[in-house]
Amino acid sequence: MIRRLIWTGVAGIVGLGLLYVSRFWVFQLWGREGLFGIEALRPQGGLLARWLRGTDFAEFELVIWVVLSFLTLTILQKLYDLTSGGSHK
């Protein structure tokens with residue numbers, strides 16, 4: 001039971017991180033100076049678009065985000081399966 005709660009928390013944190021990297025982040029929870037004073041962590045999110053700006057991949061930002069999100073959550077599921085001693089039920 002505790003392991004399931006921990007993994008649910010991990011999945012929630014990873015999900016929030018993926019949401020923050022995307023263009024869909026709508027919260028402004030910290031000031032303009034960035035999270036923990038790091039300017040690269042802007043309050044309006046959208047980091048992937050910023051990272052891809054000026055490249056040939058900028059127009060594929062949403063597709064890249066979907067693929068990276070899917071891969072990240074798949075890896076997280078595999079880690080859960082490995083630590084729980086089998087496949088999920």
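Okay, some housekeeping. The model is predicted, so local features need pLDDT of at least 70 and side-chain atom pairs count only at pLDDT 80 or more, while totals for chains, interfaces and linings use all residues. Residues are numbered from 1 along each chain as its sequence is written, and side-chain values use heavy atoms, with hydrogens and water left out.

So how confident is the predictor? pLDDT is its confidence in each residue, from 0 to 100. The chain's mean is 86, and 96% of residues reach 70 or more. Among the helices, α2 (residues 47–52) has the lowest mean, 89, and α3 the highest, 93.

On to the fold. We have 3 helices and 0 strands, running α-α-α from the N terminus. Those are DSSP runs numbered from the N terminus: helices are H or I with at least four residues, strands are E with at least two.

Now the shape. The C-alpha trace spans about 45 × 30 × 20 Å along its principal axes.

Buried residues make up 22% of the 89. Buried here means under 20% relative accessible area, exposed is over 50%, and partly exposed is in between, with a 1.4 Å probe and protein chains only.

What about contacts, meaning heavy atoms within 4.5 Å? Of those between residues at least 6 apart in sequence, 43% join residues at least 24 apart.

Gly-15 to Leu-73 is 58 residues in sequence and 8.4 Å in space, C-alpha to C-alpha.

Which residues does Thr-72 touch, leaving aside neighbours within four places in sequence? Val-14 and Leu-18.

And why do both count as partly exposed? Thr-72 does because its relative accessibility is 32%, and Gly-15 because its value is 31%.

Conventions: Contact = heavy atoms within 4.5 Å. pLDDT = per-residue confidence, 0-100.
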